[in-house]
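Me: I have just opened this structure and would like to talk it through slowly. Could you help me find my way around?

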Amino acid sequence: MPRRYVMFEDMFGARAIALQSLEIGSNVVGSVVDAWAHVLNGDPKFSFPGMPRCLFCIHTAVVEWMLSLVTDPAGGRVSAFECGLKTSLAGRHHLVDLRVFDMVFVPMLEGDHYYLVVFDLEVECIHLVDHLGDRGPGALLRDDETYIMKSTPFKVKEIFVDYLKLVNHPKATAMQTSLIMREDIPWFTTHRIAAPFVESGIFAMRHMEQFVGSRRNFFCEFSVHGAQKKVQSNYLRKRYAVEILLSPVKKYGAVIRHRLEFV
């Protein structure tokens, strides 16, 4: 791939190539969410004393073919999930047993809709963090009645628990019996707005940054009013572009910061 199209590259070669999708009015592409995951995983300024140790996965750690399998006798989907973890860990493969982490964030992308399935290994519970708030009592189910799998978060849980068993994680049994709890989000969006998914990636990135389970109140500073929420999302688009480009995780972040000092 030509170098001029690489807009993010960490020290281990993980790349995102479509930072332009952070422009106002654009749907955020998965590679940008992945770049943000790498920043959150590696930038020390996002680690606070006393807060959970988090791993943020890339959005392709769980993909469609893994969800459509009824059974997995050969362990193919678990192996694929491990590959996603290794990419998320950006070279720190000695951490693939997940024992040093308190929380594991798995971003999901369905069409243009992002949401998070968050495994809290310390508290032994599972959270669904979804900005879309008008899916009724079937909030954990896919909207499309004809889709092969109507219970994506539950399938993600199966894959994750199978992986915990593979690596002999001490919390495997507890996570297997844990319920999936949908977070109450006052700043939710609805299908009724003109473009319900334009800000979906921004919500997911902000939720990745702010959510710590039951350890503190979940507050992202989003307004409940649509117009103000749009203004806040537009600000975050600019902020995330800057954070990704200038992060110490970015291979050339120091060079960019040095050049900016002399502009």
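**Pockets and helix contacts**

Me: Let's start with open space; how much of it lies in the largest pocket?
Reply: The largest pocket holds about 420 Å³ of space, and please keep in mind throughout that this is a predicted model.

Me: Which residues are closest to its centre?
Reply: The largest pocket is lined by 22 residues, and those closest to its centre are F46, S47, F48, P52 and C54. Elements that give two or more residues to this lining are α1, β3 (54-56) and α6.

Me: And how do the residues of that lining divide?
Reply: The lining of the largest pocket divides into 13 nonpolar, 4 polar and 5 charged residues.

Me: Ok, what about the second largest pocket, how much space is there?
Reply: About 220 Å³ of space lies in the second largest pocket, and of the 13 residues that line it, T189, I193, E199, G226 and K229 are the ones nearest its centre.

Me: Which helix gives the largest share of that lining?
Reply: That is helix α7, residues 226-246, which contributes 4 residues to the lining of the second largest pocket. By class, this lining has 6 nonpolar, 4 polar and 3 charged residues.

Me: Switching to helices now: at what angle do α1 and α6 cross?
Reply: Helix α1 (residues 30-42) and helix α6 (residues 200-210) cross at roughly 15°, and their axes come within 10 Å. Because angles under 35 degrees count as roughly parallel, α1 is described as roughly parallel to α6.

Me: Is that crossing left-handed or right-handed?
Reply: The crossing in which α1 passes α6 is right-handed.

Me: Which residues meet there?
Reply: From α1 the residues are V32, V33, W36, A37 and L40, and they meet M205, M208 and E209 in α6. The residues of this contact divide into 7 nonpolar, no polar and 1 charged.

Me: What does α1 use to meet α7?
Reply: In α1 the residues are V32, A35, W36 and V39, which meet R239, Y240, E243 and I244 in α7. By class, the contact of α1 with α7 divides into 6 nonpolar, no polar and 2 charged residues.

Methods: Residues numbered from 1 in each chain as written. Predicted model: local features only at pLDDT ≥ 70, side-chain atom pairs only at ≥ 80, totals over all residues. Heavy atoms only, no water. Axes fitted to C-alpha atoms, helices over the stretch in contact; angles between N-to-C directions. Parallel < 35°, antiparallel > 145°, perpendicular 65-115°, else oblique. Left-handed = near helix turned anticlockwise from the far one by under 90°. Contact = heavy atoms within 4.5 Å. Nonpolar A, V, L, I, M, F, W, Y, C, P; charged D, E, K, R; others polar. 1 Å grid on protein atoms, 1.4 Å probe; cavity = no way out; pocket = protein on both sides within 12 Å on 5 of 7 lines; lining within 4 Å. Points joined across faces, edges and corners; volume = space filled by probe spheres on them.
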